[in-house]
Structure formats: C-alpha cells, structure tokens
Amino acid sequence: MSDYIVSARKYRPDSFETLIGQDNIVQTLKNSIKRGKLAHAYLFCGPRGVGKTTTARLFAKAINCANPTKDMDPCGECESCKSFEEGRSYCIHELDAASNNGVDDIKNLMDQVQIPPQVGKYSVYIIDEVHMLSTAAFNAFLKTLEEPPAHAIFILATTEKHKILPTILSRCQTYDFNRISVPDIVRNLRMIATKENVSIDDESLHVIAQKADGAMRDALTIFDQTVAFCGTDVKYSEVLKNLNVIDYEYSFSLVDAFLAGDYGTALEKFDEILSKGFNALHFVAALSSHLRDLMVAKNGGIDNLLELPVSLKTRYREQADRCPTAFLFDALTTTTQCEAGYKMAVNPRLHIEYSLMKLSFLMKAPSNASVAPRAVAPVKAPAAIAEPSAAVSEPPAKAASEPEPASPVQAPAASVSETPAPRPRRKVAKSGASLSLNSIQEESEKKVTSSAIREEDEMPDEEAVVEAWKEMPEYCAKQPRLSSTLQNAEYAMTEKDGCKILTFNVDNVAQQTWIRERQLHALEGYLQKKLGSTKFRLDVDVKPTEQKEMAPYTDEEKAKALMKENGEVGNLIKDFGLETK
C-alpha cells in the first residue's frame with residue numbers, strides 16, 4: 001500500500017514535451033530560455049488542474065539546469081535537477097500563499113531573496129495560490145517584486161486572477177493557461193491506461209474527460225476512482241453508475257418520443273431517471289447538451305465541435321437527419337427556458353414535465369376542440385329555403401355531408417329551425433376600473449364571429465361615436481398615462497370610403513408613435529365592438545404647434561413693445577432723441 005502513487009502524481013509531466021494543451025506558453029518559455037531574456041516575475045493563471053504549478057517547476061529546473069536538451073528540457077542528471085527532485089534544492093523555493101499569507105511571511109521571503117544561489121544561476125521562488133495573500137502582504141511584496149536582485153526570479157500561480165492587485169499584475173509577465181480539450185484528455189488517459197494494463201473503451205474515456213471539465217488532474221483522479229470501482233476491465237455501464245452520469249440512451253429515446261408526439265413515453269423516461277437518483281436539473285442540462293449536439297451534427301461542416309467518440313457521432317448524425325432544424329431550435333429554446341426557470345418554480349417536477357409535454361407537441365400540435373366547429377360554415381340552409389327542389393336534385397354524396405333531411409317538404413322547416421347558427425350576444429362592457437387594454441385586444445382578436453364583424457354593418461352616427469369616445473378614459477383607468485391623454489385630447493370626425501373616422505390629437509410625436517404602435521389597434525377594436533360596426537376607424541395625430549409671442553424681458557424689449565402699442569410714445573422718444581437701451 002505504501003508504494004502506491006496516484007496517477008496525478010505518478011504521471012506528472014517531467015518535460016515540456018509532455019505538457020498537454022499549453023503549446024503556446026511552452027514555446028514562449030523555451031524561446032526566452034534560449035535567448036537569455038528572462039523576466040524577473042511571471043504570473044501563471046488559469047483554471048485548476050491545467051498545469052500551472054507543473055509548468056513553473058519545469059521552467060525553474062530548465063533555468064538552472066547545467067545541461068539542458070535541445071528543446072530546453074531539464075536533463076535530470078545535473079546536481080541542480082537531482083537536488084530539486086530529492087527535495088533538497090537551495091535554488092528553487094516553493095511557498096504556499098494559502099498558509100503563508102501574512103506580512104511576516106513576506107518579510108521572511110524578502111530576507112531570503114538576498115541570499116545568492118549555491119548551485120545554478122538563479123534563485124527561483126514559486127508562490128502558489130498567490131491570490132490568498134492579504135492586501136498588506138501584497139503591498140509589502142511590491143518593492144521586492146519590482147526590483148529584485150539579479151539572481152531572483154518569481155513565478156506566481158493562481159486560479160483567481162481577478163483577486164490580485166493591479167499593481168502586482170503590472171509587474172509580471174502574465175500567461176493565461178487554457179482548459180485542456182476532451183480529445184487531449186482522452187489521448188492521455190488512453191496512454192496511461194495502456195501503461196497500467198487497464199482495459200477501457202472510448203465511450204468511458206469520453207465520459208471521464210467530460211466530467212473533468214478541462215482539468216487533467218481531475219481526469220486522472222476520476223480515472224483512479226473508476227479503476228478502483230471496476231477493476232482493470234472497465235465497462236461503460238459501470239462508469240455511468242460510478243460517476244452518476246445520465247446515459248446517452250435516455251436523450252436519444254426522449255428525442256424519438258418528441259418526434260413521435262408521445263409525451264407519455266417522455267414522462268415515463270423522466271420518472272425513471274428520477275427514480276435512479278439523478279438530479280432533475282442535471283437531466284435538463286444533459287437534454288439541452290444533447291439537442292445542441294444534434295444541431296451541430298445536422299451541419300456536417302462543424303463536426304469538430306462534437307467532442308464525442310466516433311460511434312456516437314454516427315448516431316447523432318442519424319438522429320439529426322430525422323429532426324427538422326426548426327424543431328431542434330424550438331426544442332433548445334424550451335429546454336434552456338426550463339433550465340433558467342427551474343430554481344424559481346414552486347413545483348420543479350411539474351415545471352420540467354410541462355416542458356417535456358411542450359417538446360412532444362412541437363412536431364404534432366394537440367387537437368383543439370374549440371377550433372373544429374368553425375371549419376364547417378352553416379351557409380347551405382338559406383339556399384335550401386330559396387330553392388327547395390335543389391335538395392332533391394343533389395347527388396347522394398353531397399346530401400350525406402349535410403345534416404339536413406333531403407325531403408322537399410321538410411327541408412325548409414328543418415333548415416329554419418336547425419341550421420342557422422345562433423347569433424352571438426354582445427356582452428355589456430364592464431366598468432373601466434376592471435378592464436385593461438390587454439383584455440380588450442384579446443377579445444377583439446378571438447371573437448371574430450361577433451356581431452361587430454358582420455357584413456351588414458352600417459356606418460355609426462356621430463352622436464354614438466361621441467358617447468363611446470367619452471367613456472374611453474374610464475375604460476383605460478388602469479393605464480393612467482393613456483387615460484389622461486385621451487381625456488385631454490381634442491378630436492375631429494370625418495368620413496372616408498364609407499367609414500366614420502375619429503382623429504384625436506396628442507402633444508408630440510413620441511406620444512403619437514407610442515399610441516399608434518401599442519394602443520391604437522386595441523382602442524379601435526373596442527370602439528368597433530361598442531358601436532357594433534366595423535365601419536369605424538380611429539386615428540391619432542400630433543396637435544399643430546402654435547407660435548406664441550414671447551413676453552418682453554429686457555428694458556429694450558419692453559420699450560419697443562410700448563412703442564408698438566402706443567404710437568405717441570414712439571413720437572415722443574424720437575422728438576427728444578431718447579435711447580431705448
């Protein structure tokens with residue numbers, strides 16, 4: 001047991017070549033060593049597990065190595081390299097700022113910096129988690145960081161760059177480390193699995209890599225955990241069970257159910273996922289990710305965005321071919337909205353189930369019983385009354401499609417008593433305090449068969465229009481701004497193309513635009529309903545501006561005004577040669 005070393009330590013990179021995913025940073029550091037242009041302070045920042053501290057150690061070893069390779073890697077044989085690997089180096093110092101974050105710790109470091117290196121050219125100080133230093137410690141560190149001794153080099157590492165003082169940042173060369181891509185992690189894990197004699201498939205490696213979220217150290221830790229659970233023969237199903245990851249099969253089957261309009265299967269799959277202990281929010285996130293991958297797979301030119309094994313890429317392409325692009329876009333919109341509103345939902349399970357039902361109806365809309373009767377227009381009865389013999393001469397197929405009897409004697413009576421649709425009764429408008437413009441607009445759009453939209457409309461008389469207009473401020477009481485505008489507006493009525501037009505004036509163009517774009521349609525619809533006629537139109541215009549004469553203000557203006565009103569005053573000023581200034 002004492003000989004076991006976790007993979008994150010055992011397979012830690014020992015050369016620049018073995019560093020993964022940081023090629024640009026590695027090349028820059030190697031060039032600076034070759035050319036002898038070393039800065040006195042470096043800042044390595046980036047997410048966890050991407051190689052910041054490892055790069056700092058390799059850089060420090062390469063600087064002091066007596067016999068570096070052509071690629072500027074440390075040789076590992078000289079006294080400087082051996083002393084560092086054995087933990088007895090006096091040239092490379094590591095400081096954990098998380099536990100040494102006070103002013104006294106920085107003072108000790110400043111005293112230590114003055115001592116020249118015993119072996120090698122430089123004393124390298126690696127300060128890990130440097131953002132944990134206190135503000136006072138940062139300020140104490142400033143002068144030494146800006147002008148250190150010629151033999152001192154500082155390498156600062158942090159995961160939270162935003163917590164470092166700008167004065168510190170300005171004194172360092174900053175290198176931003178990238179997250180390691182899924183293919184790079186899979187490739188490294190495959191190499192380590194081969195060395196450890198572990199049998200594992202590509203699907204399992206991709207699950208581990210995606211779970212690591214760009215951190216190689218996390219990927220190696222998860223790999224060790226998986227091997228401890230499964231042994232040397234790792235199965236995909238066991239990896240999913242160990243890491244508590246939702247299987248791809250659920251997402252594929254759910255999308256198939258959505259395409260078929262089968263919301264029952266979708267709800268059953270969701271219940272099965274919950275029964276296995278998965279988090280409901282993680283389920284929605286996995287479904288959103290699956291829909292995103294389908295959208296990517298549908299465009300064959302961007303397959304490089306799919307971080308999946310080859311076998312899964314084929315399945316994604318097959319399912320994407322069966323999904324219309326509009327469906328994928330609407331489905332992704334629904335899942336992202338569900339994910340965003342999950343924490344605010346009173347009943348989270350119902351919130352997700354409702355979204356699953358919406359997804360099931362994207363391809364196959366639910367039947368609406370209220371729409372069906374409108375498809376059959378009862379217009380045949382008047383023809384039967386006008387020409388009773390037509391009912392006898394009609395072919396059987398046409399007679400069968402009509403509910404009226406075909407008898408010439410009974411046809412008129414039946415058509416009079418049964419076929420005419422009852423004319424909808426107009427509702428009396430409620431008091432203005434309880435009526436909003438939204439309800440006015442909804443009623444005017446939905447009740448298209450009301451008596452206000454019949455062809456026999458007559459143009460309303462002017463008195464009825466005036467009475468209806470006077471009630472508008474009260475009906476718009478819930479919108480004080482609109483109500484006040486209508487109450488104070490001047491109006492005029494005209495006739496054009498057989499329609500009565502009421503035009504009211506507002507103060508400025510902004511009011512005109514606001515009313516015309518957001519309110520005018522609803523106001524006109526309500527007045528048409530109130531008047532019982534569609535031969536009425538409502539329009540809004542801007543009140544004409546009146547040029548008002550400015551009142552005199554200065555003495556000269558007052559004198560000129562007085563001269564204009566009274567000619568004798570002007571003559572008097574002229575006779576005596578007076579000035580009006």
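Is Lys143 buried or exposed? Lys143 is exposed, with a relative accessible area of 54%. Exposed means over 50% relative accessible area, buried means under 20%, and partly exposed lies in between, using a 1.4 Å probe and protein chains only.

1. Basis of the note. This is a predicted model, in which local features need pLDDT of at least 70 and side-chain atom pairs count only at pLDDT 80 or more, while totals for chains, interfaces and linings use all residues. Residues are numbered from 1 along each chain as its sequence is written, and side-chain values use heavy atoms, with hydrogens and water left out.

2. The chain overall. The protein chain has 29 helices and eight strands. Helices (H or I, at least four residues) and strands (E, at least two) are DSSP runs, numbered from the N terminus. The chain has 581 residues, and 39% of them are buried. Consider contacts with a separation of 6 or more: residues 24 or more positions apart account for 73% of these. Contact means heavy atoms within 4.5 Å.

3. Salt bridges. The count comes to 24 salt bridges. The rule asks for a side-chain nitrogen of Lys or Arg within 4 Å of a carboxyl oxygen of Asp or Glu. Lys143 takes part in one of them, with Glu147 as its partner. The closest N and O atoms of that pair are 3.8 Å apart. Glu147 counts as exposed, at 54% relative accessibility.

4. Lys61 and Glu85 meet through their side chains in a salt bridge, 3.2 Å from N to O. Lys61 belongs to helix α3 (residues 52-64) and Glu85 to helix α4 (residues 79-85), so this pair ties together parts that are 24 residues apart in sequence. Lys61 counts as buried, at 8% relative accessibility. Glu85 is exposed, with a relative accessible area of 51%.

5. Glu160 forms a salt bridge with Lys163, and their closest N and O atoms are 2.8 Å apart. Glu160 counts as partly exposed at 24% relative accessibility. Lys163 is also partly exposed, with a relative accessible area of 45%.

6. A buried loop residue. Leu308 is found in the loop between α14 (280-298) and α15 (310-321). Leu308 is buried, with a relative accessible area of 7%. Leaving aside residues up to four places away in sequence, Leu308 touches His206, Gln210, Tyr248, Asp293, Lys313 and Tyr316. Asp202 is 106 residues from Leu308 in sequence. In space, C-alpha to C-alpha, Leu308 and Asp202 are 9.0 Å apart.

7. A helix crossing. Helix α25 (residues 480-488) and helix α26 (residues 509-518) have axes that come within 12 Å and cross at roughly 110°. Axes are lines fitted to C-alpha atoms, for helices over the stretch in contact, and angles run from 0 to 180 degrees between N-to-C directions. α25 and α26 are therefore roughly perpendicular to each other. Angles of 65 to 115 degrees count as roughly perpendicular, under 35 as roughly parallel, over 145 as roughly antiparallel and the rest as oblique.

8. Residues at the crossing. In α25, Arg481, Leu482 and Thr485 meet Gln511, Trp514 and Ile515 of α26. By class, this contact has three nonpolar, two polar and one charged residues. Nonpolar covers Ala, Val, Leu, Ile, Met, Phe, Trp, Tyr, Cys and Pro; charged covers Asp, Glu, Lys and Arg; the others, Gly among them, are polar.
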